[in-house]
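Trainee: Please take me through this structure feature by feature. For each one I would like the general idea, then the case at hand.

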Amino acid sequence: GVFTRKQTTAKKQKQSLRVNTPLQLPVVSIVDTMPESKRRVSYFYHPNCPLYYYGPSHPMKPHRLKLAHHLILSYGLFKEMECYRPHPASAGEMTQFHSDEYIGFLSKIGPDNLRQYGASMQRFNAGDTTDCPVFDGLFEFTQLYTGASLDGAVQLCQGQTDIAVNWSGGLHHAKKAEASGFCYINDIVLAILELLKVHARVLYIDIDIHHGDGVEEAFYTTDRVMTFSLHKYGDFFPGTGHISDVGAKDGTGFSVNAPLQNGITDEDFLGLFKPVMNKIMEVFQPGAVVLQCGADSLTGDRLGCFNLTLKGHAACVKHVKSFGVPTLVLGGGGYTIRNVARCWAFETAVLLDRDDVSNEIPYNDYYEYYAPEYQLHLTPEPTMENINRKDVLEGVRIELLQQLQDLQGAPSVAMQQIPPPFKREEEDEDAKEGDNKTRKTHPAELYDKVD
């Protein structure tokens, strides 16, 4: 009867959800009992990802992922998602975008052998003289955040989830053969390439304070990927993303750039984001969306200079979710780590329709990080001047809407044959010769290597 069926479902879920979280909390999926209106959310987290260290004076702190994860745990949000431990991406998966030489370099370089690779470090923009240091475990770090984005994309392609979340991903500056802006492997480009195997058109949205140059460059000449980036422009890294950079060849008109200035507020940001986003969905009609939620656009960021609150930043996430298109949600920048954790925990709540989570931060292992107020939400900096003039913002909005209006509807891609389903070759040097046994995977599971 019903009870037996419930027991079987619970048993299946217990087998399919293998999450290794620091708190060792039970992972419960309530996907089966959700109302149809609620979208299925998959969450990807690897407990080793926050352990890597760029160096003492470097602003990028992977430790922020652990803070965010513990907030997600202590708010009880994990109960409403399917939680997965991602596979480490292989070099072969990375070379779907990056050059073989670059991946070979990243896989060999380490703090112990820097001297052997002087010329290569200059060529690939890595090392102490750049913003992309060579630290212990660098390649393993890139494997983990990239694997999580690929796993999310595969689940979306196979219809196993509606929203896939990987806060460790979103490293949007990495180029085909060059590290840039704290980014080594461009997990976003690799995930989009995976989504393009099934979807004719993919939309990329970037609300990080920095321009999403690596992703724009990768798809600058195609009409199958539209990129939409809102960012600070003018004497600011990476220096690209002018409103007149609209794409080239077949991709002309498919790069959408909204250049902004210091101090922009929630109201002004959303006043530009929402109408442009609505027009993009009408004209481009993507089959899937990738949303990069860099938290350096928040007020009080160590490197940023915008004045957005969590509510404004998360309103962009909510608006994207409202279209009901399969969505991969990624992290990105964010250098005041207590605020990064606040942001991504709240945006996880928003994706689960839990916008009403308590403003009082629940006790967790990192509670003291949120002193002295111990509250979730941020207040805008009252002394920060918003130098974005209303008439200039209005001009940007009109120009972008006109750019989109000029596109000739949604480009069609003949998809006579859907590519074969994603297969991953497990690389295990320790495997005994002749041990070719494969294990049939549960449809809701992404296995690590199983003995």
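Trainee: How many helices and strands does the chain have?

Mentor: The secondary structure amounts to 12 helices and eight strands. Both are DSSP runs numbered from the N terminus, helices being H or I of at least four residues and strands E of at least two. This is a predicted model, in which local features need pLDDT of at least 70 and side-chain atom pairs count only at pLDDT 80 or more, while totals for chains, interfaces and linings use all residues. Residues are numbered from 1 along each chain as its sequence is written, and side-chain values use heavy atoms, with hydrogens and water left out.

Trainee: What share of the residues in the chain is buried?

Mentor: Buried means under 20% relative accessible area, exposed means over 50%, and partly exposed is in between (1.4 Å probe, protein chains only). Of the 451 residues in the chain, 57% are buried. For contacts, meaning heavy atoms within 4.5 Å, take those in the chain with a separation of 6 or more: 79% of them are between residues 24 or more positions apart.

Trainee: Which residues of helix α4 are buried, and what do they pack against?

Mentor: Helix α4 covers residues 100-108, and its buried residues are Tyr 102, Ile 103, Gly 104, Phe 105 and Leu 106. They pack against α3 (91-94), α5 (118-123) and α6 (138-157).

Trainee: How should I read the packing of two helices?

Mentor: Two packed helices are described by the angle between their axes and the distance between the axes. The axes are lines fitted to C-alpha atoms, for helices over the stretch in contact, and angles run from 0 to 180 degrees between N-to-C directions. Here α10 and α11 pack at about 35 degrees, with 9 Å between their axes. Their crossing is right-handed: the near helix is turned clockwise from the far one, whereas a left-handed crossing has it turned anticlockwise by less than a right angle.

Trainee: Which residues meet there?

Mentor: From α10 come Leu 310, Lys 311, His 313, Ala 314, Val 317, Lys 318 and Lys 321, and from α11 come Arg 342, Cys 343, Phe 346, Glu 347, Val 350 and Leu 351. The residues of this contact divide into seven nonpolar, one polar and five charged. Ala, Val, Leu, Ile, Met, Phe, Trp, Tyr, Cys and Pro count as nonpolar, Asp, Glu, Lys and Arg as charged, and the others, Gly among them, as polar.

Trainee: How many salt bridges are there?

Mentor: Side chains of opposite charge can pair when their charged atoms come close. The rule used is a side-chain nitrogen of Lys or Arg within 4 Å of a carboxyl oxygen of Asp or Glu, and the count comes to 11 salt bridges. One of them joins Asp 268 and Lys 390, with N to O at 2.6 Å. Asp 268 lies in helix α9 (residues 266-284) and Lys 390 in helix α12 (residues 390-405), so the pair ties together parts 122 residues apart in sequence. Asp 268 is buried at 9% relative accessible area, whereas Lys 390 is exposed at 55%.

Trainee: What does Lys 318 pair with?

Mentor: Lys 318 forms a salt bridge with Asp 355, the closest N and O atoms being 2.8 Å apart. Lys 318 sits in helix α10 (residues 310-321) and Asp 355 in the loop between α11 (337-351) and α12, so this bridge ties together parts 37 residues apart in sequence. Lys 318 is partly exposed at 42%, and Asp 355 is partly exposed at 29%.

Trainee: Where is Asn 307, and is it buried or exposed?

Mentor: Asn 307 is in the loop between β7 (288-292) and α10, and is buried with a relative accessible area of 5%. Its side chain reaches the backbone nitrogen of Glu 381 at 2.9 Å. Beyond its neighbours within four places in sequence, Asn 307 is in contact with residues including Gly 263, Thr 299, Pro 380 and Met 384.

Trainee: Which peptide bonds are cis?

Mentor: Among them are the bond joining Phe 237 and Pro 238, with omega about -5 degrees, and the bond from Ala 371 to Pro 372, with omega near 0 degrees. Pro 238 lies in the loop between β5 (225-232) and β6 (255-260), and Pro 372 in the loop between α11 and α12.

Trainee: What is the phi of Phe 182?

Mentor: Phi of Phe 182 is near 70 degrees, a positive value in a residue other than glycine. Phe 182 is in the loop between β3 (163-166) and α7 (187-195), and is buried at 11% relative accessible area.

Note on methods:
Polar contact = N/O pair within 3.5 Å; in protein donor to acceptor, adjacent residues only side chain to side chain.
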